[in-house]
Amino acid sequence: MDVNSLVQTVAIYALPVLFAITLHEAAHGYVARHFGDMTAHAEGRISLNPLRHVDLNGTVIVPLVLIALSGGKFAFGWAKPVPVNYSALRKPKQHMAWVAAAGPAANLLMCLGWAVLLKSVVELPRGFASAFLAQMAVAGIVVNLVIMAINLLPILPLDGGRILVGLLPRRLAREYARTERWGGYVLLAFMALSLLDTWFYDGRYVGGVFAPLGILIDNVLRTVVGR
C-alpha cells in the first residue's frame, strides 16, 4: 500500500474507529456504574472523549503497522480496557454479563446510526463531500459490525467470554474463567497467522473464516443503499 492510499484509508476510517471504541468502552463503564461499580466513573472513563480510551499501541501503532504490512488487507487493534471491579457489582456473576454485553450493543446501535447516514447520503447529489461521507458511513458500518462480532467471540478476556462466564453454571464458569490467562496468546497468534495469510495466500484462509461476516456486511450495505 502506497502512502497516499494509507492516508486515504486512515482519513476514511479514523472517525468511525474512534467513535466505535469510545462508545464501546464508555458503555461498559456506564452499565457497570448502573449495577454498582463506580471504578470506571472514578477514573473518568465514562466519557465521550476518545483520548480517555485510546491505547497508543493498540489503537494507533499496531493497526497502522498491520495495515501497512498487509497492504491494507488486514488490521487489528484494541482500546484501553475500562476498569471493572466485578466484586463491586450488586450481583457480580449476572451483572458481569450485562456489563460485557453493553460494548457490542453500543456497536450495534452505532452501526444503525451509520446506516441511517449512508441512506441519507446516497440520496444527495453526487460530489466529493457526499462520496467521502458515503465511504465514511460504509466504514462505520463495517467497523462496528467487525468490532461487535470479534468481541462476541467466546474467548476471555473478550466480551463474549465475559458473557459466557455470566451465563454458565457457577462451577463451569469458574473453570472457564481460568482460560483467561491464555486469551492474550490466542489473539497474538491470530494476528500473526492473519498477517502470514495475507502475505502468502492473499488472505484466503482468514477471509474464509470470516466469510459469513462479510456476507452479512454486504447484505446490510445492499439493504441500506437499495441495490
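Accessible areas here come from the Shrake-Rupley method with a 1.4 Å probe. On that basis the chain of this predicted model exposes about 12,800 Å², and carbon and sulfur atoms supply 68% of that area. Of its 227 residues, 38% count as buried.

**Overall build**

The chain holds 10 helices and zero strands, so its radius of gyration of 18 Å can be set beside the 17 Å that the globule rule gives for 227 residues: the two values are close, and the chain is as compact as a globular protein of that length. Along its principal axes, the C-alpha trace spans about 55 × 40 × 30 Å. Among contacts in the chain with a separation of 6 or more, 68% are between residues 24 or more positions apart.

**Nonpolar cores**

The largest nonpolar core has 15 residues. Those with the most contacts inside this core are Trp 114, Leu 118, Ile 141, Leu 145, Ile 217 and Leu 221. Three helices, α4, α5 and α10, each supply at least two residues of this core. The largest share, six residues, comes from α5. Apart from this core lies another, of 12 residues, which includes Ala 32, Val 84, Val 99 and Ala 106. In soluble globular proteins, nonpolar side chains tend to be buried together.

| α4 | 92-121 |
| α5 | 128-151 |
| α10 | 211-225 |

Leaving aside neighbours within four places in sequence, Trp 114 is in contact with Pro 16, Phe 19, Met 136, Ala 137, Gly 140, Ile 141 and Asn 144.

**Two loop sites**

Two backbone details lie in loops between helices. The peptide bond joining Leu 156 and Pro 157 is cis, with omega about 10°. Pro 157 is found in the loop between α5 and α6, the latter covering 159-167.

The other site is Asp 202, in the loop between α8 (180-201) and α9 (204-209). Asp 202 has a positive phi of about 55°, although this residue is not a glycine. Is Asp 202 buried or exposed? Its relative accessibility is 51%; because the cut-off for exposed is over 50%, Asp 202 counts as exposed.

Note on methods:
Residues are numbered from 1 along each chain as its sequence is written. This is a predicted model: local features need pLDDT of at least 70, side-chain atom pairs count only at pLDDT 80 or more; totals for chains, interfaces and linings use all residues. Side-chain values use heavy atoms; hydrogens and water are left out. Helices (H or I, at least four residues) and strands (E, at least two) are DSSP runs, numbered from the N terminus. The radius of gyration is taken over C-alpha atoms; the globule rule is 2.2 Å times the number of residues to the power 0.38. Buried means under 20% relative accessible area, exposed over 50%, partly exposed in between (1.4 Å probe, protein chains only). Contact means heavy atoms within 4.5 Å. A nonpolar core is a set of buried Ala, Val, Leu, Ile, Met, Phe, Trp, Tyr and Cys residues joined through side-chain atoms within 4.5 Å.
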